[in-house]
Amino acid sequence: MRAARSLAFLAFLVSGWTLAQAADPVFSPEPIQSASGWIVTVKGNLRAGPSYPGSDDFSFIGYPSLSFRRAGTVERFSAPDDGLSFSFLDESVFRVGVVGRFVGGRYYEDNRELVGLDKIDWAVEPGVFVEYWPLEFLRARAEIRRGFGGHEGFVADFGLDAVHRFGAVTLSLGPRLSLGDSEFTRTYFGVTPEEAALNGQVTAYRPSGGITSVGATGAVSYDWSPQWSTTAFVTYKHLVSDAADSPIVERFGSEHQVGLGLTVSYSFGYTP
């Protein structure tokens, strides 16, 4: 019930913000000039966020990424918290494809309060996504993924983004809803009796699957030229239900999960 009320409130804020703005195109208005071949976009990403799900400590990560699109096409809007996506069905207002994410691990060497709890290795989450634009300034997106490595559960993320372009500036804002099955929640938020005995500060806990967080993501992008752009963003997740009630969160972490990031992009034409 708390999750539903929070999500409804966020959706109300977004709907009010969209009605207050004039609709603008949501795609880049000036494609890279290339007669044939592909447009390659290279990105440098810097992100800061919780060290592990439920943590109140920040960690930083920097990494490159790469994307392609056919020459002569404009770049679609992508929220900074989207998974890495590739479309096999790409219409003007509807997309379906495959998606993947990387999830960092949890290691007590860097978090001494977690001593006695099992370490969690990093995981990859391949899956599928569906994206739909009911209005030219409003995007709905859903991802369903399955973990391999650190966790073996199923997770899903749902979001809405109100997207407006003002010249070279693009603003986006929207609510988020995340779910995880019991395999996922027990990996990151559960505590076995053996772990509780070894740690001595938390009690045994066996969470169930369901809604794990509600939140929002906001971003601002600036196109310096058809080739160069930068994006700054902030994400917020509020852990709910069994995830929020975890003794790991209550004793060592926080229900409030904030992330920050900056991306620099460079696009160029390539003809094989």
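Modeller: Happy to! Before we start, a contact here means heavy atoms within 4.5 Å. Please also keep in mind that this is a predicted model.

The part I would pick is helix α2, residues 182-189. Let us begin where the helix begins. There, a side-chain oxygen of Asp181 comes to within 3.2 Å of the backbone nitrogen of Glu183.

Moving along α2, which residues are buried? They are Phe184, Thr185, Thr187, Tyr188 and Phe189. These residues lie on the same side of α2, because the arc they cover around the axis is only 160 degrees.

Now for what surrounds the helix. The largest nonpolar core has 11 residues, and Phe184, Tyr188 and Phe189 are among them. Also in this core are Val103, Ile120, Ala123, Val155, Leu239, Ala243, Ala244 and Val249. Two elements, α2 and α4 (241-244), each give two or more residues to the core. The largest share, 3 residues, comes from α2. In general, nonpolar side chains in soluble globular proteins tend to be buried together.

Phe189 deserves a visit of its own. Leaving aside residues up to four places away in sequence, Phe189 touches Pro53, Gly54, Phe184, Tyr205, Pro207, Leu239, Ala243, Ser246, Ile248 and Val249.

Stepping back, here is the setting for the helix. The protein chain has 5 helices and 12 strands. Of its 272 residues, 40% are buried. Among contacts between residues at least 6 apart in sequence, 64% join residues at least 24 apart.

The strands give one more landmark. Strand β1 (residues 38-50) pairs with strand β12 (residues 256-270) in the antiparallel sense, over 11 bridges, and Lys43 stands opposite Ser265 in β12. β1 also runs antiparallel to strand β2 (residues 58-70), with 13 bridges joining the two. Across that pairing, Ala48 stands opposite Phe60 in β2.

Definitions and conventions:
Residues are numbered from 1 along each chain as its sequence is written. This is a predicted model: local features need pLDDT of at least 70, side-chain atom pairs count only at pLDDT 80 or more; totals for chains, interfaces and linings use all residues. Side-chain values use heavy atoms; hydrogens and water are left out. Two strands pair if DSSP finds at least two bridges between them. Helices (H or I, at least four residues) and strands (E, at least two) are DSSP runs, numbered from the N terminus. A nonpolar core is a set of buried Ala, Val, Leu, Ile, Met, Phe, Trp, Tyr and Cys residues joined through side-chain atoms within 4.5 Å. Buried means under 20% relative accessible area, exposed over 50%, partly exposed in between (1.4 Å probe, protein chains only). The arc is that of the directions from the helix axis to the C-beta atoms. A polar contact is a pair of N or O atoms within 3.5 Å; within protein, one must be able to donate a hydrogen and the other to accept it, and residues adjacent in sequence count only if both atoms are side-chain atoms.
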